[in-house]
Number of protein chains: 2
Amino acid sequence: MKIIQQPDEKNWEELLKRPTQDFASLESDVKAIFEDIKHNGDSAIKKYTQIFDGISIEDFSVNPEAIEHSTDNISAALKEAIDVAYDNIFKFHLAQEQVTIKVETLPGVKCWQATKPIEKVGLYIPGGSAPLFSSILMLGIPAKIAGCREVVLVTPPQQTGVVHPAMLYAAKKCDIKSIYQVGGIQAIGGLTFGTERIPKVYKIFGPGNQYVTVAKQVATTYDVAIDMPAGPSELLVLADDSANPTYVAADLLSQAEHGADSQVILVTTSNDLAEKTKDEIYAQLELLPRKDIAVKAIENSKLIVVQNIKTALRLTNQYSPEHLIICLNAEDEAIDQIYNAGSVFIGNYTPESAGDYASGTNHTLPTNAFARQYSGVNLDAFTKKMTYQKISKEGLLHLGRHIEVMAEAEELQAHKNAVSLRLKDLNTPDS
Amino acid sequence: MKIIQQPDEKNWEELLKRPTQDFASLESDVKAIFEDIKHNGDSAIKKYTQIFDGISIEDFSVNPEAIEHSTDNISAALKEAIDVAYDNIFKFHLAQEQVTIKVETLPGVKCWQATKPIEKVGLYIPGGSAPLFSSILMLGIPAKIAGCREVVLVTPPQQTGVVHPAMLYAAKKCDIKSIYQVGGIQAIGGLTFGTERIPKVYKIFGPGNQYVTVAKQVATTYDVAIDMPAGPSELLVLADDSANPTYVAADLLSQAEHGADSQVILVTTSNDLAEKTKDEIYAQLELLPRKDIAVKAIENSKLIVVQNIKTALRLTNQYSPEHLIICLNAEDEAIDQIYNAGSVFIGNYTPESAGDYASGTNHTLPTNAFARQYSGVNLDAFTKKMTYQKISKEGLLHLGRHIEVMAEAEELQAHKNAVSLRLKDLNTPDS
C-alpha cells in the first residue's frame, strides 16, 4: 500500500480508476438461460439450480410456517439487534414519504402529482456461508412502507435445504410472505418472466455477484426495471489531523473485507495520519478472519496526501465514492461542498458499519462513480409518481389559445383541434 | 376501427398488446459508431452528420448571440404562448422541490437525506420539419430548477444551417447556453464520451426515433444514465355517457397523429359513446394534414365496450397507459383506483394537448406499460439523493453492540472491529 504525495491533477483520472470489470462475455449465456426460463418455467429453474448450485430441489418455495416460527431459532441478542435496526431503518425511510403536490397554475387549471407504490417488486439476497439479513431489512422496509402489493424474495438454496432463521426473521418483520430458494441468473430470470411458482415482478432490487449483475442488466431489456447498476464496494475517507488513525484503518479494512475487488482510499492533508494509518492497517489486518480477501483489496487501494482541503474535496467529488467518511476539523464546510457521494459518515464515532446495519440509512448505494447521477435505494425506489390535471371551462378559456398557437407552430393540427372544438363550444352563447 | 364488445378477461393480454418493436438489429451499428466517436471525437461526429443527415457542417455549436436574439424572430403570439407555458411548467416543477429530511433515529444517531442536482445533463430534441420547442421547456425547466451546472442541448442540423428561433427562445428561457446541431446516434455518442466540442454528461434525456432510442440504451452500458426507456406514444380514454364523443374523437386523433405506431384506445361502458366516437373519428380524420399517419395509428387502435366501471378500471391498470383521459360521472372514485398511468387528464375540458404544451405537467412520460414502474420526467429526474449520518459518543454507546452482533452474525469481523475499537475507547474511563 503506497502513500501517494500530492498527485498532479492531470493524473487524477488514472489514479482514481476503479478495478476494471467487463462481464460482456457472460451476456450471451445469460440470454440463453433467460429464454429457457421464459419457455420452460420451473423445470428450467430446477435444471439451473442443479447445474450451478449442485442442489436438487423439488419445491423451492419457503413454507410460511417456517417464516412465522423463525424467532424460535435465533439468539435473543441477534433478535434484539435486528429489532433495533428495523426500528431505525423504518423511522428514516418513513420520514421520506411524500405528500401529494397540488398547484393551480392558472385559474381553473389544477395540476397535481401523487406517489404510488410499484405493485410487484423482487428482492435478490445473495447466499454464501453467512446469512445477509441486513440486506433484507434495507430492501424489505422501504417496500413495506411504500405499500408494494407483492414483494418476492429470492435467495440461493443452502445445502441444508433451509433458509437461515435470521433471514426469515428479517423477512417476517418486513411482512414478506413469498420466499423462494433460487439464486443466480435463474432467480433473476424467474422474476423477469414469472414461472408456475415465481411471480413476475416489475422491478428487481438487490446485490449479487457478476452473474446476478449481468442478469439484472439483461432483465432491463425485457421491460423490467432494476435498482441501479452494480459494482464492487468502495470507501473513501477524507480526513485531517483530527482523525484517529486506528479508527480510519478499521473503517478502511471493514470495506476491504467485502471482496478482493473492493477499493478503499484515504485522502488527507496530514502526512502523519497517512503514515500511522498505513501501519495500523497492516497491524489490524493480521487479526482478520477474511485477511486473504482484505489483503487483495488493500493492494488496489491508495493513501493520498494533498496540499489542502480544497484539493481534497475536488478529488473526492471526482471519485464520487459509494461511502464517504469525513473526519475534518472544518466538517460543516466540507459537507456542503461534497456533491457526489452515495452515503456520508461524519466524525470519529460514525463508522461505516453503522450505516451498513443499524443507524437507519440504506446500505444499497451507487458504486463505480454512479453517485454522480443515481441515488441509493430509498423509499422513492419502490414508488413512482403520477401527474394529474383537471381544467375547468374557465381554465380552458385562459389557456386554450396558447395551446392552439404552440400546436400550430409544431405542425400538430389534431393537437390544436382538440382545443379548438372545445373553445368553439365554450364561446357559443348556449354552452 | 372495430368496436370490441365485452372482451373476456383471459383475452385482455392479447387485446392490449402494443405494436411490437425490436431494434436489437441496430445495436451493433450503434456500438461501432460509438467506438468511432470515443476515439475520433468531432471528426467522427462530422462524418456521421454527413452520412445520416446529408449535411456538411464545420462548426456545429450554436452561437450564443443567436440564442440571445431569438426573440426577434418569432411572432408575438408564439412568444406569449411560450411565456405562459414556461410559467406554468415552472410553477408545477418548482413545487416538487424537496426539503432535507432529518431524523434522530436514536439519541445521538442523526441521519439525514439531501437532494443534489446532477451536475451534467444532456437534452436530446428531435429535428424534423417542425421545431419541438415544447420538449425544450419540459426538460430545460426542471434542469434549471434542479440547479444542474451544465445543461447541453443537442438537436439535428437543419438544411438552413440555423436552429428555429422558437427553439432558441425556449432554450434562452431555460438558461441553456450550450447548443449543438448534431442529431441521431452521433449526438448520443457525443454526450456519452465527450468530444473536443461536446461536453460529456452523466444523464441523457429526451425523445427520439428508433436510432436515438437504441443509442440511449447503448449509452447506459457506458455508465451514462437515461431518463427512461422509450416507445411509441399512447392514449387511453376511459369514459361513460358523460363524455362528449366529438371531444373524445379529437383527443384520440391528437395522439394518433404522432406516428403510425401510436396507439389509442377507448374503454367505455357506453355502446352509444363507442359508436358516435367512431363516426366522429372518421369525420375529423378527413380534415387533418397528418391524415396519412393518423389513419395507420387508428388501424392499431381499439374501441372497447365493457360491462361496468370496475372492469374498465382493471383493464386500464393492466394496460398502464402513458396518457389517460377520464370522463366519468364518478370521476373521483376512478382517480383513486388508477395506479398505473403516466399522466391523467380529467373531465370534458382537459384535452391531452393541454399537458403536452402548457398546463404545467411534464409531457415526457413512460410508454409501453412502463408506467407500472417508472415516473414521467419530473424535478427528481434531474437530482439524486445523498444520505448523511453523524453519531455522537452517546449514540455509538446506544447502537454499537447491536452493530457488533449483526456484523458477527454476517461473519464480517472487520465491520465489527470498526465499532469494537471505538467502544473500547469509550468504555475506558479516560476517554
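This is a predicted model: local features need pLDDT of at least 70, side-chain atom pairs count only at pLDDT 80 or more; totals for chains, interfaces and linings use all residues.
View 1. A:Ala114 has A:Met386 in β14(A) as its bridge partner. Strand β3 (residues 109-117) of chain A also runs antiparallel to strand β2 (residues 101-106) of chain A, to which five bridges join it, with A:Leu106 standing opposite A:Val109. Two residues lie between β2(A) and β3(A) in this hairpin, and A:Gly108 in the turn has a positive phi of about 90°.

**View 2. The open sheet of nine strands.** Strands of both chains line up here in the order β1(A)-β11(A)-β10(A)-β9(A)-β12(A)-β13(A)-β14(B)-β3(B)-β2(B), and the pairing is mixed. At the edges are β1 (3-5) of chain A and β2 (101-106) of chain B, each of which pairs on one side only. On average, neighbouring strands of this sheet are turned by 20° against each other, direction ignored, the axes being lines fitted to C-alpha atoms (for helices over the stretch in contact) and angles running from 0 to 180 degrees between N-to-C directions. Helix α15 (residues 393-409) of chain B packs on the sheet, where it touches β2, β3 (109-117) and β14 (383-391) of chain B, and its direction makes about 95° with that of β14(B); contact means heavy atoms within 4.5 Å. Within chain A, strands β9 (residues 234-239) and β12 (residues 323-327) pair in the parallel sense over five bridges, and A:Leu236 stands opposite A:Leu324 in β12(A).

**View 3. The open sheet of five strands in chain A.** This sheet has the order β6-β5-β4-β7-β8, with parallel pairing, and its edge strands, β6 (178-181) and β8 (225-226) of chain A, each pair on one side only. Helix α7 (residues 184-193) of chain A packs on the sheet, touching β4, β5 (150-155) and β7 of chain A, and its direction makes about 175° with that of β4(A). Three bridges pair strand β4 (residues 120-124) of chain A with strand β7 (residues 203-205) of chain A in the parallel sense; A:Gly122 has A:Ile204 as its bridge partner in β7(A).

**View 4. The interface of chain A and chain B.** Here 116 residues of chain A are in contact with 116 residues of chain B. The two chains bury about 10400 Å² between them, 59% of it on carbon and sulfur atoms, buried area being the accessible area (1.4 Å probe) that two parts lose on being put together, summed over both. Eight salt bridges are found across this interface, where a salt bridge is a side-chain nitrogen of Lys or Arg within 4 Å of a carboxyl oxygen of Asp or Glu. A:Arg401 forms a salt bridge with B:Glu80, with the closest N and O atoms 3.5 Å apart. The predictor gives the complex an ipTM of 0.96 and a pTM of 0.96.

**View 5. A salt bridge within chain B.** The side chains of B:Glu9 and B:Arg314 meet in a salt bridge (2.6 Å, N to O). B:Glu9 lies in the loop between β1 (3-5) and α1 (12-15) of chain B and B:Arg314 in helix α12 (residues 309-319) of chain B, so the pair ties together parts that are 305 residues apart in sequence.

**Conventions.** Residues are numbered from 1 along each chain as its sequence is written, and chains are lettered from A and ligands numbered from 1 in the order in which they are written. Local features need pLDDT of at least 70 and side-chain atom pairs count only at pLDDT 80 or more, while totals for chains, interfaces and linings use all residues, and side-chain values use heavy atoms, with hydrogens and water left out.

Definitions and conventions:
Two strands pair if DSSP finds at least two bridges between them. Helices (H or I, at least four residues) and strands (E, at least two) are DSSP runs, numbered from the N terminus.
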